[in-house]
Amino acid sequence: MNDKPEPSPEDNRRLLDTLLPRKDELKARERIAIPAQPMPAQPARERVRNMSEVALGYAHDQARLEALRCLQCKNAPCVKGCPVAIDIPAFVKAIADGDTADAIAIIKRNSLLPAICGRVCPQETQCQLDCTVGKSLKDVELSVSIGRLERFAADWERESGRMLPPEVKPETGRKVAVIGSGPASLTVAADVRREGHAVTLFEAFHKPGGVMMYGIPEFRLPKAIVQLEIDTLKAMGVRIVTDYVVGRTRKLKDLLERDGFDAVFVGTGAGLPKFMNIEGENLVGVFSANEYLTRSNLMRAYDEGAADTPIRRGRHVAVLGGGNVAMDAARTAVRLGADEVHLIYRRTEKEMPARIEEVAHAKEEGIRFHLLRNVKRILGDETGRVVSVECLKYELGPPDDSGRRRPVEIPNSEYVLPMDTVVVAIGNDSNPLIPQTTPEMETNRWGNIVVNENNRTSMPGVYAGGDIVLGAATVILAMGQGRQAAAAINEQLREETKS
Amino acid sequence: MSDNRIIEKRQLADEVCEIRVEAPLIARERQPGQFVILQLDGEFGERIPLTIADADPDAGWILLVFQTVGHTTHRLAALQEGDRIAHLLGPLGTPTHIERFGSVVCVGGGIGVAPLHPIAKAMKAAGNRVTVVVGARTRDLIVMEEPMRAIADEFVLCTDDGSAGRKGLVTEPLAEICARAPKPDLAVAIGPPIMMKFCAETTRPFAVPTVVSLNTIMVDGTGMCGGCRVTVGGRTRFVCVDGPEFDGHQVDFDNMMQRLNAYKDHEQAAHERCHLDEAIARKERDHERQA
Ligand SMILES: Cc1cc2nc3c(=O)[nH]c(=O)nc-3n(C[C@H](O)[C@H](O)[C@H](O)COP(=O)(O)OP(=O)(O)OC[C@H]3O[C@@H](n4cnc5c(N)ncnc54)[C@H](O)[C@@H]3O)c2cc1C
Ligand SMILES: Cc1cc2nc3c(=O)[nH]c(=O)nc-3n(C[C@H](O)[C@H](O)[C@H](O)COP(=O)(O)OP(=O)(O)OC[C@H]3O[C@@H](n4cnc5c(N)ncnc54)[C@H](O)[C@@H]3O)c2cc1C
Ligand code: SF4
Ligand code: SF4
Ligand code: FES
């Protein structure tokens, strides 16, 4: 990455002073010459001993310098890469102009959760992938840092105390139920409530927020930010009911037929952990990443003195997988005090689905990467506790249909690594509870709910979106689906009111 | 949704409490074999599963019977009538398969009699001849004897030390019942894992189908974490959604018992702290009384 000494705030100020008077006349060459701004972060040595956020956010001058790098491309390839098509050149220009209020207003036309997406979007595969600046510098990591700028604008708004709940139209008397409280559901609740419909949100857990609360750790997404989104919904008059699992506490059908809801949105996510089905997977000390992260995040087990829920503070921890979930689990293990954390992944670093920034942070925090390796079985002692994992080496074979070179195992390459804790982080399937208890609803063979282009399911009045439809995906895609579904729900209610 | 208020509380035995909780939504939907997850503090509290021992959908309450084994159950036992349970989720789990099998033997060990009660009741209501075997370590630990007697066509009581009923383990009467002609059509055994394991071993040679209800450690109770997983017939199943009831002849009890002990050190410490706290509280009360 960037080993040059970081410019001081004074350097940044001086540079900004030379650029600002000509900010609208800068040549492309001059803009590209502005150094890409690194994200200030807690030093690795310190952050491994706390749960606080790692990335600290741009200072004001940094944000303006970064924004000045943008070429204001006419064809705006960045906008095409954003799943919700935020007007990126416009909001970035507003930041360069020093008008952060305008920037956040532009972002919010398309995104309801900018403080969150600015932090967790996989930008390098979305908005920043085809950024002209990155292309000319031949390095996607040198693209304009759109996500960091988005976060900057959202944080500025939150910290300035100017965040007002959106306006709500007069009550229509229509009722909508929203199931789950992840990004898809929060978006539906806000967009439907704005039209004056009564919204009740049902969440199985004791706290709303979905994966953003129980899965993604505090050090990457502070829970206070998620909580603020929920408080905003409450201020808009959305009724939030926790400890309510649809399918068990109430059947989905009964919400429509008995409880008087005019429409239902299902946003129950992809909460079914995959296991590898290998020997030793049920030994003591083997966890799904969901369990490990839920214990730590939602149940606050990292706070050993205060929390009642225990967590295993392993000394030698193996995490299996290469996505965001695996990085989160590995970095959590570091913070829980593990001596060594080993990440074992079947392909190479290039294929890792995790965000580049998380991979870099994980390495800085001392996590050891074992690439082109896979665990064949987990070995235990006579009390059923994990003592080691047996790994197998892989090499890259010929490319498959997708053009990616497929890893193939090297015969007789087994070796053993001593471990006392294993976290399986190879992904999630869709949550089966609602499909199982709602036979009327069509699902595909992976258990995802089938919807049309308006996120309508096969059941009249029932919509779905987010991971339960897409399979394990991203926050922004879930939010985008929520917007579509909300538009369709609002349309349905408008039509019904007319007739 | 409701207040989850405790409307009645009774001490059933030395370390066993019964609470009647206002929970109209759960009472309305619950079926035999299902459970709730409760939490006493939404910030730092632990989520623990407890079986719904009885319920009244019209009056809107559920009955929970629990043994004070660790931190959360001790705190629960300290709540009084009128207090609220902060979070209560349910009903969870797949309901018991109730049908007219013919004759059913229901075996309950210790606190396991509580979850067995609604099942025995439903089996009886479905037209089965119900034999109930209740076991406990000693007389003071017997729970729900009266309601079980009221359901049973035949009732056997045993204690390990012979302080009440027959002296011995529940597997002895169970073996005798299985050896009769005709043999029972179904056995349901609920209690400590070791008891369920040996009940399953007892019925196996007689080929009496045997249902057990597993009490693994849980977090969410909705199939999200896999912490409750057990091996049944060589396959991994989740107790909170696929169970809690399984074919006892297929369950890998040894692995399940090992997993139950995963947090033993932590829990041991919590349990000792509870008793220490109680001792201190008692001392303080004594002091106040003297003052
Ligand atoms: C550890 C981890 C890290 C991740 N990191 C990133 C990242 O960096 N960037 C990114 O973009 N994405 C990331 N993701 C993926 C992202 O979080 C998800 O794609 C997104 O949260 C999906 O949103 P959703 O609205 O579909 O539902 P979810 O967020 O999954 O929420 C679903 C909610 O519904 C509730 N629920 C389920 N069933 C019921 C029911 N029957 N009744 C009531 N409530 C129910 C659940 O309890 C849950 O709260 C990560 C995921 C995980 C697990
Ligand atoms: C589906 C289900 C239904 C249950 N129904 C009842 C019931 O009706 N009445 C009742 O008294 N108990 C029941 N249990 C067990 C109950 O959940 C535990 O006793 C409780 O979680 C202990 O919490 P604690 O904080 O007080 O103790 P902890 O400090 O967590 O544990 C103390 C001791 O209990 C054991 N333990 C911990 N968790 C569990 C667990 N989930 N199951 C069994 N042992 C455990 C530990 O090994 C330890 O020895 C049920 C469990 C399940 C999974
Ligand atoms: S592609 Fe990059 S340089 Fe061009 S408008 Fe978008 S952010 Fe700016
Ligand atoms: S929402 Fe995500 S993809 Fe869209 S601009 Fe923001 S960071 Fe990029
Ligand atoms: S308790 Fe989490 S999956 Fe069963």
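This is a predicted model: local features need pLDDT of at least 70, side-chain atom pairs count only at pLDDT 80 or more; totals for chains, interfaces and linings use all residues.
Let's start where chain B meets chain A. On this interface, 45 residues of chain B are in contact with 48 residues of chain A. Together the two chains bury about 3,800 Å², with 52% of that area on carbon and sulfur atoms. On the chain B side, Phe44(B), Met224(B) and Tyr263(B) lose the most area to chain A, and together they make up 19% of what that side buries.

Charged and polar links also cross between the chains. There are four salt bridges between chain B and chain A; one of them joins Asp308(A) to Arg75(B), whose closest N and O atoms are 3.3 Å apart. The count of residue pairs in polar contact between these chains is 23. If you look for the elements behind this surface, β6(B) gives the largest share of the chain B side, six residues. By type, that side divides into 17 nonpolar, 19 polar and nine charged residues.

Now turn to chain A itself, which is divided into domain 1 (9–159), domain 2 (175–271 + 430–498) and domain 3 (275–427). The C-alpha centres of domains 1 and 2 of chain A lie 31 Å apart, and their contact takes 21 residues from domain 1 and 23 residues from domain 2. These two domains bury about 1,800 Å² between them, 79% of it from carbon and sulfur atoms. Leu112(A), Leu113(A) and Ile116(A) supply 33% of the area that domain 1 buries here, more than any other three residues.

Across this domain interface there are zero salt bridges and four residue pairs in polar contact. On the domain 1 side, α8(A) gives the most, with five residues, and that side divides into twelve nonpolar, four polar and five charged residues.

Notes. Residues are numbered from 1 along each chain as its sequence is written. Chains are lettered from A and ligands numbered from 1 in the order in which they are written. Side-chain values use heavy atoms; hydrogens and water are left out. Contact means heavy atoms within 4.5 Å. Buried area is the accessible area (1.4 Å probe) that two parts lose on being put together, summed over both. A salt bridge is a side-chain nitrogen of Lys or Arg within 4 Å of a carboxyl oxygen of Asp or Glu. A polar contact is a pair of N or O atoms within 3.5 Å; within protein, one must be able to donate a hydrogen and the other to accept it, and residues adjacent in sequence count only if both atoms are side-chain atoms. Helices (H or I, at least four residues) and strands (E, at least two) are DSSP runs, numbered from the N terminus. Ala, Val, Leu, Ile, Met, Phe, Trp, Tyr, Cys and Pro count as nonpolar, Asp, Glu, Lys and Arg as charged, and the others, Gly among them, as polar. Domain bounds come from an automatic or database domain assignment.
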